[in-house]
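Visitor: I'm new to this one and would like to learn how to read it. Could you walk me through it, feature by feature?

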Amino acid sequence: MNNLFARGNAVFAFAFSALSALAFGCFLTTAFNSNTSDVDITVDKVVLRLAKESPILERPSDLALMKFSLHADFSPLFNWNTKLLFLYLLAEYKTKENVLNQVVVWDKKMMREDRQEISVKQINTKYYFFDDGAGLKNNPNVTFQLRWNVIPNIGFLPRIHGGVRSVAFPDRYT
């Protein structure tokens, strides 16, 4: 009655169901972990320039150059289910044209094999910090925030934010 195909299908379906239940059980072991960490951000030096000519800009725009320091220990976030941690420093500010501007100025991939504590001092941003007008000049509240994504082997991809630092930008170009 049961030919080879039907028996193979039954074995495959049972194995798939068992592996799915095992994967879900593994996910539950780390699903409710706190993925937070203490972060210390310091923005040390902000220089504001007016970028007049560029092939990507249609009009003169503000360009912010800065140095920042960062200290954080991410070792509690690494467990058997953490494949990778993606860190990025985000700058948020308001302008007259836009209620919310968000610019990523630095990022880093942290693998399980890497050193899981970051302590950098006086480093430059990795990406240019442009505004599409004059929204950075004399801006009293530019907020820098370190955020990270925990990339698991199995499960959800949580986005977490850590340390926050607000900085007033200069009122003149240099």
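Visitor: Let's start with a single residue. In which strand is D44 found?

Guide: Before anything else, keep in mind that this is a predicted model. D44 sits in strand β1.

Visitor: Is D44 buried, partly exposed or exposed?

Guide: Here you compare the relative accessible area with two cut-offs: under 20% is buried, over 50% is exposed, and partly exposed is in between. D44 has 33%, so it is partly exposed.

Visitor: And what does D44 touch?

Guide: Look past the residues up to four places away in sequence, and you find D44 touching K67, F68, S69 and Q122. With Q122 there is also a polar contact, side chain to side chain, at 2.8 Å.

Visitor: Which residues does K67 touch?

Guide: Again leaving out residues up to four places away in sequence, K67 touches T42, V43, D44, K45, Q122, I123 and N124. One of these, N124, makes a polar contact with K67 through the side chains, at 3.1 Å.

Visitor: Which value does phi of N138 have?

Guide: It is near 60°, another positive value in a residue other than glycine. N138 lies in the loop between β6 and β7. Its relative accessibility is 51%, so N138 counts as exposed.

Visitor: How far apart are the closest N and O atoms of R165 and D40?

Guide: They are 3.7 Å apart, and the two residues form a salt bridge. The pair links distant parts of the chain, 125 residues apart: R165 is in strand β8 (residues 159-167) and D40 in strand β1 (residues 39-51). R165 is partly exposed at 34%, and D40 is partly exposed too, at 41%.

Visitor: Which residue does R147 form a salt bridge with?

Guide: Its partner is E92, and their closest N and O atoms are 3.0 Å apart. R147 lies in strand β7 (residues 142-152) and E92 in strand β3 (residues 82-93), so this pair ties together parts 55 residues apart in sequence. R147 counts as partly exposed at 22%. E92 has 18% relative accessibility; buried means under 20%, so E92 counts as buried.

Visitor: What about the side chains of K126 and D107: in what do they meet?

Guide: In a salt bridge, with 2.7 Å from N to O. K126 is in the loop between β5 and β6, while D107 is in strand β4 (residues 101-111), 19 residues apart. K126 is partly exposed at 49%, whereas D107 is buried at 14%.

Visitor: Last topic, the sheet. What order do the strands of the open sheet of four have?

Guide: You get β4-β3-β7-β8, with antiparallel pairing. The edge strands, β4 and β8, each pair on one side only. From one strand to the next, the twist averages 20°.

Visitor: How many bridges join β7 to β8?

Guide: Seven, and the two strands run antiparallel. You can find R147 again here: it stands opposite H161 in β8.

Notes. Residues numbered from 1 in each chain as written. Predicted model: local features only at pLDDT ≥ 70, side-chain atom pairs only at ≥ 80, totals over all residues. Heavy atoms only, no water. Salt bridge = Lys/Arg side-chain N within 4 Å of Asp/Glu carboxyl O. Buried < 20%, exposed > 50% of the residue type's maximum accessible area, 1.4 Å probe, protein only. Contact = heavy atoms within 4.5 Å. Polar contact = N/O pair within 3.5 Å; in protein donor to acceptor, adjacent residues only side chain to side chain. Pairing = 2+ DSSP bridges. Axes fitted to C-alpha atoms, helices over the stretch in contact; angles between N-to-C directions.
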